Amino acid sequence: MSLVVLAQGARGYALGAAARIQGVHQRATASRKARATRPAAERTASSDVFVLSVPLFIELFMQIMVGNVNQMMLAPQGAGAAAAVGNALQILNIVTIALSAMGTATTVLATRVLGNGAEHKRSLAEIATLGLVVNATLGLAVSAALFAFWPQFFAWLNIDPAVHGMASSYLLIVGSTTLFQGAFFAVTALLRGFARVGDVMAASLVMNAVNILLCALLVNGLGPIPAFGVEGSATAAVTARLVGLVLAVFMLLRHTDVRPSLQCLRPFPWPTLKGMMRVGIPSSGEQMNYDLAQIVILSFINVLGTTVVTVKVYCSMLASIAYLYSIALSQATQIILGYLMGAGKLDVVRRRVWMADLIAASLTTAVSLVLWLNFDAVIGLLTPDPLVHELGRQIMLVEVFLGIGRALNIVMVRTLIALGDARTPVTVNIAFSWVFAVGGGWLLGVGWGWGLVGMWVAMCIDEWLRAAFLIVAFARGGWRKRAEAQGLGQANKDLSAAAPHVKNSSFAAPGVKQDEIVGVNAPSFIGVTSLDAQRSATAADAPDLSLF
């Protein structure tokens with residue numbers, strides 16, 4: 001009898017626990033849906049910044065892992081292989097920036113159409129088609145330039161002739177497929193526009209899995225498969241990109257109603273192209289200039305020998321991990337600042353920016369310190385060379401301080417662009433990086449004979465000075481004066497008065513189910529303010545893209 005009572009008690013307890021768990025799950029689901037369906041102007045809390053930054057961080061991590069895994073797999077091949085791929089990747093990074101900038105433009109234009117709350121399939125198809133055509137054309141042009149002028153590029157970078165063969169093999173194999181890379185950026189940009197951030201993350205995850213598997217098989221060989229070295233690494237990267245493109249296209253066709261067609265280019269949509277250029281060219285300016293300066297600095301480093309180049313490649317790889325979350329945080333902050341500016345909540349902007357600066361600098365410093373303190377253990381996974389270990393420890397100590405300035409710069413550049421001041425960060429970057437990073441790098445590293453450490457110190461000075469200038473520019477409040485002059489401070493009151501007359505203020509994009517806008521698929525850029533919805537209700541034609 002006691003066993004029966006005990007069993008009944010256990011059953012009752014289990015049913016109660018299950019009911020409580022179900023209740024918690026239902027409340028969490030309701031909370032996520034409520035958060036996802038809030039108007040953009042209300043998605044501006046610190047928690048919203050974090051929610052946006054997490055999927056962005058994961059996607060960025062997946063992107064950099066392709067190149068970093070290739071470097072790790074090549075470590076057993078010696079310092080020459082790492083130096084060769086490092087130089088090739090420095091050139092290919094410029095290509096990536098250009099293609100990703102046009103992808104950003106595609107996202108901005110697509111979300112503008114979706115944000116109007118009306119179905120404009122023709123406009124979306126036009127943007128999708130034009131984005132694919134522009135990126136494909138740019139990719140073909142880049143491939144032709146790489147094949148025609150790679151000897152001149154190598155001579156300009158002072159690459160050691162001993163590694164020309166490996167560097168050219170990697171550059172030409174990977175560079176021959178920039179067409180597919182451009183298409184991948186265009187397709188994933190459209191997925192972001194439809195709030196399918198989770199799909200982009202999935203494509204990046206599959207790309208990395210394919211890359212790691214093929215690198216393990218092709219770089220160092222396995223069983224009957226011979227070791228192909230650098231060529232195997234390049235083949236793995238190319239195959240991973242093709243797989244990622246196929247998966248991204250599949251997700252675009254499955255989860256959206258966008259169907260690109262060449263018929264959308266008749267007549268040719270010149271206004272849309274101009275809008276795309278106005279977004280793409282400025283968005284790539286700051287990063288493009290930074291990478292060009294890094295290429296010139298790399299040409300100084302190449303004079304110092306292959307071992308020093310290898311140290312630069314490994315330390316740059318570790319540094320990129322240290323400030324990776326700062327990039328994601330800056331992107332999320334940029335989105336939130338756009339919402340705040342559109343809602344006229346200028347008083348909240350300053351708090352969000354200072355908090356982002358504090359988090360970015362603190363987290364980057366913490367990760368840099370961990371990498372420096374455990375440098376021998378980390379770099380030991382890549383090479384046992386004692387010269388690399390000794391010089392690398394010195395570089396990573398300087399990187400602890402450099403990372404603070406770099407993290408602040410990453411946040412402040414996107415902040416000022418979001419607040420309508422794209423000229424200041426680009427101008428400051430061009431002026432300071434070439435004077436202090438490039439000029440100072442040559443003076444300290446070559447002129448005074450400090451070598452790679454001197455060049456890293458020069459880059460540290462450059463980052464700190466630029467960060468200080470941008471912070472002062474923001475603190476002086478010129479952005480607020482411009483916003484108030486444009487009436488943005490009054491926008492919040494006007495939107496509140498107009499809200500009762502708005503029929504469509506849903507946060508979800510057309511073609512996306514409301515209950516799908518949760519978790520990692522939460523929209524990254526879509527925000528329909530009352531003013532946008534009111535405008536779309538009265539507009540008879542496709543959304544005006546002239547603002548871009």
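1. The lining of the largest cavity is made up of 4 nonpolar, 4 polar and 1 charged residues, where Ala, Val, Leu, Ile, Met, Phe, Trp, Tyr, Cys and Pro count as nonpolar, Asp, Glu, Lys and Arg as charged, and the others, Gly among them, as polar. Among the lining residues are Ala-83, Asn-87, Asp-160, Gly-305 and Val-309, and the elements that give two or more residues to this lining are helix H3 (79-115) and helix H10 (306-322).

2. The model is a predicted one, in which local features need pLDDT of at least 70 and side-chain atom pairs count only at pLDDT 80 or more, while totals for chains, interfaces and linings use all residues. Residues are numbered from 1 along each chain as its sequence is written, and side-chain values use heavy atoms, with hydrogens and water left out.

3. The structure holds 3 cavities of 30 Å³ or more, a cavity being a set of points, on a 1 Å grid over the protein atoms alone, where a 1.4 Å probe fits but cannot get out, and lining residues being those with an atom within 4 Å of a point. The largest cavity has about 50 Å³ of space.

4. The axes of helix H15 (residues 423-447) and helix H16 (residues 451-475) come within 8 Å and cross at roughly 155°. H15 is therefore roughly antiparallel to H16, a term for angles over 145 degrees. By class, their contact has 16 nonpolar, 8 polar and 2 charged residues.

5. Gly-477, in the loop between H16 and helix H17 (478-485), is buried, with a relative accessible area of 7%, where buried means under 20% (1.4 Å probe, protein chains only). The C-alpha atoms of Gly-477 and Arg-350, 127 residues apart along the chain, are separated by 9.3 Å.

How values were computed: Axes fitted to C-alpha atoms, helices over the stretch in contact; angles between N-to-C directions. Helix = DSSP H or I, 4+ residues; strand = E, 2+ residues; numbered from the N terminus. Parallel < 35°, antiparallel > 145°, perpendicular 65-115°, else oblique. Buried < 20%, exposed > 50% of the residue type's maximum accessible area, 1.4 Å probe, protein only. 1 Å grid on protein atoms, 1.4 Å probe; cavity = no way out; pocket = protein on both sides within 12 Å on 5 of 7 lines; lining within 4 Å. Points joined across faces, edges and corners; volume = space filled by probe spheres on them.
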